[in-house]
Amino acid sequence: KVVFNGDDIKDLNVGWYRDQLGLVAQEPVLFDCTIRENICYGSPNATQEQIEDVAKQANAHDFIMSFPDGYDTDVGAGSALLISGGQKQRICIARALLKRPKVLLLDEATSALDSESEKMVQDALDKLMADKSEERTIIAIAHRLSTIRNFDRIAVIDKGKVREIGSHDELMAKNGRYARLVALQDLGSEVVSGPHVSSKKELASTIEPIEANKKDTEKGDDVEDGARDKALEKANAARARSLAFDESRYFLIGAVGAVFAGVVFPGWGIAFGYMIEVLYTSVIPCDDSHPVVPFDTCQDYYDDIADGMRDKARQISYSYLGLAVSIMIGSTLLYWGMGNASERINKRVRDMAFTSVIRQEIAWFDMRNPGAVTAQLAEDAAMLHSFSGEPIRSLVLSIASVLVGVIVSFVYMWPFALLTLATIPFMAFG
């Protein structure tokens, strides 16, 4: 949670809380009016003395007074006066300071400025940090490390995670990411200015330890991220099992249906074997002078063979009918049970995800495209459905078929059952 003076911001009045914050964005924005009116947007009832005071704090009073109209100078789009980016930024800082914020946010306040303007704005920020009369917290987001060296605490964020935190001296002593960034930026300024690097060999010797340190740090981070990802996968698998446990009765019904449906495959084999036996029934040649024992005539022998084949064919027909009924009942139970379980899990996940999304803070949506959020909701639910739907049905049906087939094999011919068990692993991985 986020706290302000020890209180959760969720418990604070939104209007009052926003009055305690001041923001200076990366791109300075001035309204189509005078400098005085631009600064007064921070506090409409401010006096001239208060306006000049914050302008001095922002290191802007001197250049404002150099204009012919001073604080009444028009700086709008139609103005003939052109002011620099650094001057605009200092006016924005003065505007933010006029409301006397408890927290001042600087979002890359100097990144879009040239070196001279950056120095002027940085002097203004240093003056603010040195002023102990105001109880003010300054939070700055910066890529230029020279602008944050004097801050009490510096947090190094990489790939959305806080990697290091501490003062400038503490982070330099760690010789980690921050120290590497400082060295690279200092090296870049030296290469531009020229006098401190005498040769390519000296430059290479400076870069090599930095790159080695970078590789070691990134390797450690990769190991850490890999371990964290594995732990997250285990946690997600456990969460998925807990979601599936609530639908265990539907999975049980589907498993029973899989057993009935699994009978079909070995049942076909048995029925097909009897059908082959009927089709290949042997008939001994017969002569009325020497009929087949114990029949009196050859016709009696032929009638007996025909009756036996007819009875077996009828039994085979009944077995196929039974298999049809079994697969109909089994498939119905299998798809009804597994389908209900899958859809109920899918719906519960969608409801939980949607509830989580609508309870997020506004800032969460600022960092995410609404289309991407809705697409992720649909894709995650579809992925869970593909995991708990057809793959589970196929797995249960296959296991049931193999178990029924092995049991039948042991009943009719146990050596063949042992041979089947020995070949199952090769069939599975083949």
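**Reading a pocket, a patch and salt bridges**

The second largest pocket has a volume of about 1,100 Å³.

Reader: Which residues lie closest to the centre of the second largest pocket, and how is a pocket defined here?

Author: This is a predicted model, in which local features need pLDDT of at least 70 and side-chain atom pairs count only at pLDDT 80 or more, while totals for chains, interfaces and linings use all residues. Residues are numbered from 1 along each chain as its sequence is written, and side-chain values use heavy atoms, with hydrogens and water left out. On a 1 Å grid over the protein atoms alone, a pocket is an open set of points where a 1.4 Å probe fits, with protein on both sides within 12 Å along at least five of seven lines, and lining residues have an atom within 4 Å of a point. Here 25 residues line the second largest pocket, and the closest to its centre are Val2, Ile9, Tyr17, Leu21 and Ala363.

Reader: Which element gives the most to that lining, and what is its make-up by class?

Author: Helices (H or I, at least four residues) and strands (E, at least two) are DSSP runs, numbered from the N terminus. In this structure β1 (3-4), α1 (14-19), β4 (103-107), β5 (137-141) and α13 (362-366) each supply at least two lining residues, and α13 gives the most, with four. For the classes, Ala, Val, Leu, Ile, Met, Phe, Trp, Tyr, Cys and Pro count as nonpolar, Asp, Glu, Lys and Arg as charged, and the others, Gly among them, as polar. The lining of the second largest pocket divides into 15 nonpolar, three polar and seven charged residues.

Reader: Which residues make the nonpolar surface patch?

Author: Patches are made of residues with over 30% relative accessible area and no salt bridge, and nonpolar side chains (Val, Leu, Ile, Met, Phe, Trp, Tyr) are joined within 5 Å. The patch here, of about 780 Å², is made by Phe265, Trp268, Phe272, Ile276, Leu279, Tyr280 and Tyr320, and helix α11 (residues 264-279) gives the most to it, with five residues.

Reader: How many salt bridges does the structure hold, and where in the chain do aspartate 158 and arginine 177 lie?

Author: A salt bridge is a side-chain nitrogen of Lys or Arg within 4 Å of a carboxyl oxygen of Asp or Glu, and the structure holds eight of them. In one, the side chains of aspartate 158 and arginine 177 meet at 3.0 Å, N to O; the pair links distant parts of the chain, with aspartate 158 in strand β6 and arginine 177 in helix α8 (residues 177-193), 19 residues apart. Aspartate 158 is partly exposed at 24% relative accessibility, whereas arginine 177 is buried at 8%.

Reader: Which residues are linked with Glu247 in a network of salt bridges?

Author: Arg344 and Arg348 are linked with Glu247 in such a network. Arginine 344 meets glutamate 247 at 2.8 Å, N to O, and this pair joins helix α12 (residues 298-358) to the loop between α9 (200-245) and α10 (248-262), 97 residues apart. Arginine 348 meets glutamate 247 at 2.7 Å, N to O; arginine 348 also lies in helix α12, so the pair ties together parts that are 101 residues apart in sequence. Glutamate 247 is buried, with a relative accessible area of 2%, while arginine 344 is partly exposed at 36% and arginine 348 is partly exposed at 22%.

Conventions. Grid points are joined across faces, edges and corners, and a volume is the space filled by probe spheres set on the points. Patches are made of residues with over 30% relative accessible area and no salt bridge: like charges are joined within 9 Å, nonpolar side chains (Val, Leu, Ile, Met, Phe, Trp, Tyr) within 5 Å. Accessible areas come from the Shrake-Rupley method with a 1.4 Å probe; for residues, only the protein chains shown count as cover. Buried means under 20% relative accessible area, exposed over 50%, partly exposed in between (1.4 Å probe, protein chains only).
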